[in-house]
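Work through the exercises below with the coordinates open. Try each task before reading its solution.

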Amino acid sequence: MREGWKVSKIGDAVRIASGQVDPKDEAIVDLISVGPDNLVSGGGIDESGLRTARDLGQISGKYAFDQNAILYSKIRPNLNKAALPAFDGICSADMYPMWVVDPARTNREFIYYVLTSERFVASATSRSFRTGLPKINREDLEAIEISLPPLPEQRKIAEILRTWDEAHEKLTALRAAKERRLGALRAALLFGSLRLKGFRHNWAPTRLDAVTHELTKRNGANGLSRGSVMGVTKAKGVVPMREQTIAADISRYKRLPPRAFAYNPMRINVGSIAMNERVEAVLVSPDYVVFACNAEGLDPDYLDHLRKTSWWAHYINSGGSGSVRQRTYYADLAALKLPLPDLDEQKTIAAVLNTARDDLAATEREIEAVTLQKRGLMQKLLTGEWRGEGKDS
């Protein structure tokens with residue numbers, strides 16, 4: 001233990017609310033109501049969906065909190081949800097509002113960072129198993145031990161970590177702006193409201209099966225290995241399949257060449273379709289639909305952007321005729337009529353959109369880097385390995 005640091009239980013440093021609000025109290029109905037779903041993993045509040053207790057019609061079984069509180073979700077502590085509210089409100093009984101017992105010895109912001117540290121999350125998660133439910137009870141939470149440096153060092157550590165949070169917030173706002181820009185560019189360029197210089201030909205509505213073809217080639221007995229088996233997700237695209245979900249015999253698995261598309265016919269409605277961006281062929285489930293673009297008719301990058309529009313989602317979810325489709329096979333998808341310019345214009349549009357997409361991806365990588373760097377800083381600073389005063393001794 002570093003000089004001046006001491007071990008304390010979190011229950012000695014904070015007081016957790018014990019009394020729920022009176023649902024007949026008119027003073028609370030217009031307070032903002034916060035639930036675990038409003039808390040962000042890693043810390044913070046998503047304020048976009050917040051409403052008052054009156055609007056929600058839910059008042060009973062809640063705790064009051066003020067701007068001096070720390071909010072902590074007792075449900076599934078592994079999700080690492082805590083926040084420093086900047087407003088007075090009420091919160092769900094699935095959360096613990098807590099207050100620093102002695103501000104002259106303990107810094108509120110420092111405690112918040114302790115609550116969101118990997119070590120604390122791991123301890124809270126292990127203790128939550130004792131309840132038989134995915135939550136931690138008050139006694140187990142209060143018993144978790146933490147390391148407390150002197151107050152000036154607590155403040156310095158909180159200041160350092162706050163700087164990283166502010167950088168993360170700015171990058172997150174930048175990412176949102178770039179997402180909106182990419183969405184607006186797709187809407188304008190893919191549907192012809194914005195034409196690029198040098199292109200004047202009219203666009204012809206074209207059925208998807210006129211410019212694509214289904215692929216049904218199987219892996220065979222001596223084909224690709226199990227390491228080539230992939231799945232398709234909305235968030236990550238084509239990703240390695242978990243070993244336990246791969247069949248013993250992969251000879252019937254379908255081949256997915258580079259720049260071809262694959263999807264689960266039962267999950268395309270939630271966006272689980274993707275292009276293989278790898279330079280080599282991979283394998284996908286024999287239940288998947290696999291198709292490729294005709295080289296002379298449709299640019300794969302153009303289609304990849306088109307499938308990320310609300311226009312595409314509307315067709316997939318409505319079945320093209322207002323009915324709900326449970327499975328979408330290639331024959332169903334083939335009837336979709338694309339707003340299709342000449343191939344040269346498709347490629348030029350795709351190049352513009354790829355630039356905007358890659359710019360967004362660069363910001364996402366920055367966010368990942370800042371997140372990892374902050375995690376490492378928290379490990380060093382909150383254990384005293386690195387001193388908040390800037391000394392490593």
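**Exercise 1.** Is R105 buried or exposed?

*Solution.* Keep in mind that this is a predicted model. Start with the relative accessibility of R105, which is 59%. Next, recall the cut-off: exposed means over 50%. R105 therefore counts as exposed.

**Exercise 2.** Place R105 in the fold: where does R105 lie, and with which residues is R105 in contact beyond its neighbours within four places in sequence?

*Solution.* First, find the secondary structure on either side. β9 covers 95-100 and α3 covers 108-115; R105 sits in the loop between them. Second, set aside the neighbours within four places in sequence. The contacts of R105 are then L151 and Q154. Third, check a C-alpha distance. P149 is 44 residues away along the chain, and its C-alpha atom is 9.5 Å from that of R105.

**Exercise 3.** How does the radius of gyration of the chain stand against the globule rule?

*Solution.* Begin with the inventory: 10 helices and 20 strands. For 393 residues the globule rule gives 21 Å, but the chain has 27 Å, so the chain is more spread out than a compact globule. Then look at the principal axes. The C-alpha trace spans about 75 × 55 × 45 Å.

Definitions and conventions
Residues are numbered from 1 along each chain as its sequence is written. This is a predicted model: local features need pLDDT of at least 70, side-chain atom pairs count only at pLDDT 80 or more; totals for chains, interfaces and linings use all residues. Side-chain values use heavy atoms; hydrogens and water are left out. Helices (H or I, at least four residues) and strands (E, at least two) are DSSP runs, numbered from the N terminus. Buried means under 20% relative accessible area, exposed over 50%, partly exposed in between (1.4 Å probe, protein chains only). Contact means heavy atoms within 4.5 Å. The radius of gyration is taken over C-alpha atoms; the globule rule is 2.2 Å times the number of residues to the power 0.38.
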